[in-house]
Amino acid sequence: MDTRPNNGDSPLRVLTELLESNDWNGKLVISPDVDGLVSANLISHLFNAELIGFYEVSNKKSKVLLSEGNNWSDAESALWLDHDIIDPRIISVGQHMIHPY
C-alpha cells in the first residue's frame, strides 16, 4: 500500500485508511519507549490490535524481541509503530526522519 498522502490527504486520514485496511495483520511491533507504548495503547484500543514485540536499536545494533507464539513472519506483516523503517516488507509509522519519495 502506498501510504504517501495524495491530493491534500492529511497524514491522519492516510493512517486511518491503513489501519482499516487488510494491508497489516492486526499486530504491532513498537519501540521500547514512551512514544511506542502510548502509540500501541491508542492503536490497540481503537483497532483491537495486538502488541507482539519490540524493536530496539542500540550501539548500532538492532534487535527484534517477539512475544511467545509469534515469529518473523508475524512481525513482517505487522504495523511497526514509532519507527522509520525503509524496507518494502515493513509497514512503519514514525516521526523521526524525512525520506524523499
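A nonpolar core is a set of buried Ala, Val, Leu, Ile, Met, Phe, Trp, Tyr and Cys residues joined through side-chain atoms within 4.5 Å. Buried means under 20% relative accessible area, exposed means over 50%, and partly exposed lies in between (1.4 Å probe, protein chains only).

The model is predicted: local features need pLDDT of at least 70, side-chain atom pairs count only at pLDDT 80 or more, and totals for chains, interfaces and linings use all residues. Residues are numbered from 1 along each chain as its sequence is written, and side-chain values use heavy atoms, with hydrogens and water left out.

**Exercise 1. State the confidence of the model.**

Step 1. pLDDT is the predictor's confidence in each residue, from 0 to 100. The protein averages 85, and 85% of the residues score at least 70.

Step 2. Helices (H or I, at least four residues) and strands (E, at least two) are DSSP runs, numbered from the N terminus. Confidence is highest in β1, at 96, and lowest in helix α1 (residues 11-19), at a mean of 85.

**Exercise 2. List the residues of the largest nonpolar core.**

Step 1. The ten residues are L18, L19, W24, L28, I30, A40, I43, A49, L79 and L81.

Step 2. At least two residues of this core come from each of α1, β1, α2 and β4.

Step 3. Leaving out residues up to four places away in sequence, W24 touches L18, L19, I43, A49, S77, L79 and I91.

Step 4. A second, separate core has seven residues, among them V29, I52, A78 and W80.

**Exercise 3. Which residues are linked with R89 in a network of salt bridges?**

Step 1. A salt bridge is a side-chain nitrogen of Lys or Arg within 4 Å of a carboxyl oxygen of Asp or Glu. By this rule there are five salt bridges.

Step 2. E76 and R89 form one, with the closest N and O atoms 3.4 Å apart. E76 lies in helix α3 (residues 72-76) and R89 in the loop between β4 and β5, so the pair ties together parts 13 residues apart in sequence.

Step 3. D87 also forms a salt bridge with R89, at 2.7 Å from N to O.

Step 4. The network therefore links E76, D87 and R89. R89 is partly exposed, with a relative accessible area of 45%, and D87 is partly exposed at 21%.

How values were computed
Contact = heavy atoms within 4.5 Å.
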